Amino acid sequence: MWETLIEALANFIHSSGLYWLVDNFSDMGYKNLIMIIVSLTLMYLAIKKGYEPLLLLPISFGMLLVNLPITFIMDGAMTQIPLPDGTMFEFAGTKLEAAATFAADGPETVAYILSQAKEIPGGLLYYLYYGNKLGIFPPLIFMGVGVLTDFGPLLANPKSFLLGAAAQFGIFLAFFGALMLGEFFPEYFAFGPKEGAAIAIIGGADGPTAIYTAIKLAPHLLGPIAVAAYSYMSLVPIIQPPIMRLLTTKEERKIKMKQLRPVSHTEKILFPIVVTILVIMILPTTAPLIGMLMFGNLIKVSGVTEKLAEVASNAMMYMITIFLGITVGATTSAEAFLNFETLGILILGLVAFSFGTASGVLLAKLMNKLSKTQINPLIGAAGVSAVPMAARVVQKVGQEEDKSNFLLMHAMGPNVAGVIGSAVAAGVFLSLFLTA
Amino acid sequence: MAEWLEEGLVATINGVGTVFFVLILIAMVISLFKYIDKINISNLLKSAVKKTEPVETSQTNDLMISTSKTSQEDEAELIAVIVAAIAASLETSSDQLQVRSFRRINPTHTLWNRR
């Protein structure tokens with residue numbers, strides 16, 4: 001009896017994650033441990049420092065779950081095939097996939113697999129991840145963003161669109177950078193045009209757009225890209241102000257802008273419809289992102305579907321945020337995250353972000369020189385979406401010079417134009433490389 | 001030119017060009033939006049002018065009923081009073097009458113003056 005008990009205990013210990021960690025420490029275990037520490041650090045930043053907690057907390061928790069040893073929470077289905085000699089053959093995939101793989105061995109083999117093999121379902125997050133894999137979650141989040149976005153300031157000052165476009169320069173610069181890394185250091189960075197495009201979109205400072213593009217073009221880099229995108233978005237108040245101050249003079253930062261004209265209800269209703277038709281006609285690949293963003297906005301501004309707007313921007317958006325966050329976090333397994341590529345992504349993301357900010361400010365400076373009405377160049381920085389954080393940063397930097405200067409509403413124009421701009425940039429990449 | 005460089009340049013020119021083209025196009029269309037209300041107002045004025053043209057009233061024994069164009073509530077109250085008065089003079093109840101249209105006649109040409 002004792003022997004059985006001790007054997008059961010030994011089996012139990014052998015099947016524990018802790019045993020695996022100790023047993024495989026020098027091989028894989030230490031990487032898992034590093035990732036667990038990274039996830040705990042992100043959790044600390046989300047909870048204690050309030051860095052984008054709505055997404056960083058689910059992402060970091062997903063990261064923790066997938067890096068705890070042998071949870072198989074992100075693994076797909078497994079098929080166990082009993083062989084005639086009594087041993088068990090394990091096939092990574094469903095029963096049908098196993099049958100298809102061994103179809104060449106003849107119909108008897110297929111029949112044997114289908115009748116004898118046992119399929120073990122995949123992990124929880126593996127299935128939830130389908131919402132990302134199939135490109136469903138990011139556009140749904142965009143719908144909620146659409147409800148929460150007020151395009152009024154943009155309608156009142158259509159020139160803001162130029163600033164939203166200029167701030168996308170950073171994306172293309174980072175794209176170039178990624179191609180360069182892939183060309184000159186191929187042993188460290190396996191970056192082709194698809195990977196480069198997915199990484200560069202981080203500069204759009206728009207979580208759902210970055211995730212959507214990564215899923216479509218470089219799903220193997222989704223984890224690091226999402227983590228980089230959300231980390232930099234939460235660091236907007238730290239990254240942007242020095243660049244803004246560097247590129248503007250004290251006098252320019254003090255410029256007070258003319259009050260925006262009031263925007264009518266009809267204009268607000270027409271805007272999402274017109275943008276949907278125009279943008280999707282030109283770039284059909286933007287249909288999921290722009291379509292959902294504008295639909296969300298329309299159900300709010302129409303004034304006849306309040307309940308829909310409420311659900312899309314509250315219950316539904318939070319639900320999807322949970323699924324999206326935790327499954328994106330689950331893509332950051334140790335082997336997918338702890339490599340030079342992640343480092344490259346973090347650097348390129350920062351390049352994209354900084355240059356986006358700079359190009360926005362520079363174009364705003366130019367517009368100020370050419371325009372009859374004065375434009376405060378600071379509002380150009382808000383062109384890198386990151387709504388509404390980037391606009392708030394503009395307001396703050398503006399008020400450092402002049403307490404009575406209120407730039408927030410003026411910055412909201414380029415800010416929401418940036419959302420459309422980065423979705424268009426993503427659409428361009430998708431149309432160039434999706435089928436390539 | 002190296003292949004990666006060419007690819008990068010093509011994508012960049014294409015991308016920057018498309019982003020600017022699309023956003024400038026939207027900006028141009030949106031800048032026309034400010035005229036919408038002006039068009040709306042002129043349309044409203046036109047339709048308002050049409051509405052003030054006389055429209056003959058209904059079954060109420062050729063009675064011309066005038067109404068003020070103040071607020072909707074005032075109008076409803078006035079209609080109720082007038083209908084009640086007509087009903088009383090015709091010795092019937094107000095639900096037997098149907099009001100189809102109202103218009104205000106120039107005060108110097110009221111029914112009283114016509115008599």
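In chain B, residues 24 or more positions apart account for 50% of the contacts with a separation of 6 or more, two residues being in contact if their C-beta atoms, placed from the backbone, lie within 7 Å. This is a predicted model, in which local features need pLDDT of at least 70 and side-chain atom pairs count only at pLDDT 80 or more, while totals for chains, interfaces and linings use all residues. Residues are numbered from 1 along each chain as its sequence is written, and chains are lettered from A and ligands numbered from 1 in the order in which they are written.

**Chain B**
- Chain B has 4 helices and 0 strands; helices (H or I, at least four residues) and strands (E, at least two) are DSSP runs, numbered from the N terminus.
- Of its 115 residues, 9% count as buried, that is, with 20 or more other C-beta atoms, placed from the backbone, within 10 Å of their own.

**Contact between the chains**
- Chain B gives 24 residues to the contact and chain A gives 34 residues.
- On the side of chain B that touches chain A, α1 (3-31) and α2 (34-51) each give two or more residues.
- The largest share of that side, 20 residues, comes from α1(B).
- That side has 15 nonpolar, 7 polar and 2 charged residues, where Ala, Val, Leu, Ile, Met, Phe, Trp, Tyr, Cys and Pro count as nonpolar, Asp, Glu, Lys and Arg as charged, and the others, Gly among them, as polar.

**Strands of chain A**
- Strands β1(A) (residues 78-82) and β2(A) (residues 88-92) pair in the antiparallel sense over 5 bridges; pairing requires at least two DSSP bridges between two strands.
- Gln80(A) has Glu90(A) in β2(A) as its bridge partner.
- The hairpin of β1(A) and β2(A) has 5 residues between the strands, and Gly86(A) takes a positive phi near 95° there.
- β1(A) is also joined by 3 bridges to β3(A) (residues 118-120), running antiparallel, and Ile120(A) is the bridge partner of Met78(A).

Methods: A residue is buried if 20 or more other C-beta atoms lie within 10 Å of its own, exposed if 12 or fewer, and partly exposed in between; C-beta atoms are placed from the backbone.
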